Amino acid sequence: MKSMLRSRLFEIEQESIAPIPAEARHGRSRELFTIWFGMNMTPLTVVTGATATTLLGLPMVASIIAIFLGHAIGGIAMALHAAQGPQLGVPQMLQARGQFGSRGASLIVAVAILMFVGYFSSNLIVSSDSIAALLPEANGTAMVIGCAVLSFIIAAFGYNLVRKVTALGAYVVGALVLVSFAGLLASGDFWAQMNHGEFTWTGFFAMLAIGIVWQLTYAPYVSDYSRYMPAKSGTKGAFWGTYLGCVTSSAVLMVLGAGVGIAVTGVDSMTGLHGLLGPVLGAAVLVGFALVAAAGNSVNAYCSALCALTLVETFISGWRPGIKARLVTSLVLHVLGVALALTAATSFASSYFSFLSVLLYVLIPWSAVNLVDYYVIRHGSYAVDEFYAADGGRYGRWNAGALAVFAIGVLAQVPFMATSFYTGVVAEAMGGIDIAWLVGLGVSSMVYIVIARTAPGLIRLDSEAQFSSIEPQIHGK
């Protein structure tokens, strides 16, 4: 049994963006829990949490409430995307063709690729910074490249190894997190600064939005892992395994970051954590975080490759990418991620915060359209074979109605946006409080439902699009 498991782990994955056949389906909700619990066990999560008490200036209790509430809300939509995987058996961004058309979906896929590469680069930077906190004389470029090489090796083998490494990282860093909290709670500076800062609704909603967007940025690729779950029994497990794993780990680590942010001022979060824990424990925690983040970055790399292949396949009729295409694509994206990391390292904090803000405004309308179409309109019934049709099949190349809803959802948020580069008139009148995410979600959902009920032809919803069973679609490719 152990030898069989070992061979599966180090066997290069054969599947690419085609539907996962029934005989290849496996996995349990517990495995999805460890994937997403481990995925967030990175220095990037700690650094992001620190923005609550540093950049946003919130006191600790308000930071904790905003963090947990944001992740709990955003996690619902994210996990609903994960529940689509077992039923359809295809990567999440490929499934977007069912709403936006084969070429219309490419716009959303391009945004997802940008997001994956951005997260990949961000993880490279914070992993390198964690090691630099211990070894200031170390070559930063070499560390970034080394972390990327580790990620590429794991991502090259594919789903099984990525899943196993991420799950193992969850246990390793989980123990390190307990040590970190013990060190934080033992710090007199932490308790002395508990009420440091000032509560503002602007800061509270900003941190709430960070939690929501953190979860939603996983939405474009949670199905990439749940698609291997059994079709008939995996939906409920995919939801809860993904939700509990992702929300718990990200919220807990962000609270740790917020605590470090008020306990240690004047230095970055990981350096501050090192100082709190002392030279030995601090070194162990920083190295552990860095290694797990570098290995776990393979999740971003693996999914970005699937997205890139989906984008290219859209415009090459009849092409079905295989192992070689996935490996070459992954290599190119790793090189791009390294280049971006080396370029952005000097202005990481401000660049990253702006990056999260922009992602929120774009992802909300896509998520709303996808979830409403899947759960409310079509009830999970899609002709998966036709996702691969050269002409888009019954979903067409361009679904003008869905794309219009997406554009309306983005534009509706503009007056409510509050960012470092632009503040909308409504957000300004509200003292800088950003509720654009709520407006985008509500407007996109309602407009799509209205179109589906009054003019279904605009979103290619007709009698042919309704099915009594999805069984042939799952296994028929």
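Modeller: In this predicted model, Ser-102 is buried, with a relative accessible area of 6%. That value counts as buried because the term applies to anything under 20%. Ser-102 lies in the loop between helix H7 (97-100) and helix H8 (104-134). Leaving aside residues up to four places away in sequence, Ser-102 touches Arg-97, Thr-314, Gly-392, Gly-396 and Arg-397.

Helix H8 leads on to another element, helix H15. The buried residues of H15 pack against H8, and also against helix H3 (43-50), helix H10 (159-185), helix H14 (235-263) and helix H16 (279-296). The buried residues are Ser-269, Met-270, Gly-272, Leu-273, His-274, Leu-276 and Leu-277. Just after H15, Gly-278 adopts a positive phi of about 90°.

Helix H18 may be considered next. Its 22 residues, 323-344, should span 32 Å at 1.5 Å a residue, and the end C-alpha atoms are 31 Å apart, which agrees. Among the buried residues of H18 are Ala-325, Thr-329, Leu-333, Gly-337 and Ala-341. An α-helix has 3.6 residues a turn, so residues three or four places apart point the same way.

Finally, the cysteines may be examined. The structure holds 0 disulfides. Cys-303 takes part in none, and its nearest cysteine sulfur, that of Cys-307, is 7.3 Å away. Both are buried: Cys-303 has a relative accessible area of 0%, and Cys-307 one of 2%.

Note on methods
Residues numbered from 1 in each chain as written. Predicted model: local features only at pLDDT ≥ 70, side-chain atom pairs only at ≥ 80, totals over all residues. Heavy atoms only, no water. Helix = DSSP H or I, 4+ residues; strand = E, 2+ residues; numbered from the N terminus. Expected span 1.5 Å × (residues − 1). Buried < 20%, exposed > 50% of the residue type's maximum accessible area, 1.4 Å probe, protein only. Contact = heavy atoms within 4.5 Å. Disulfide = S-S within 2.5 Å.
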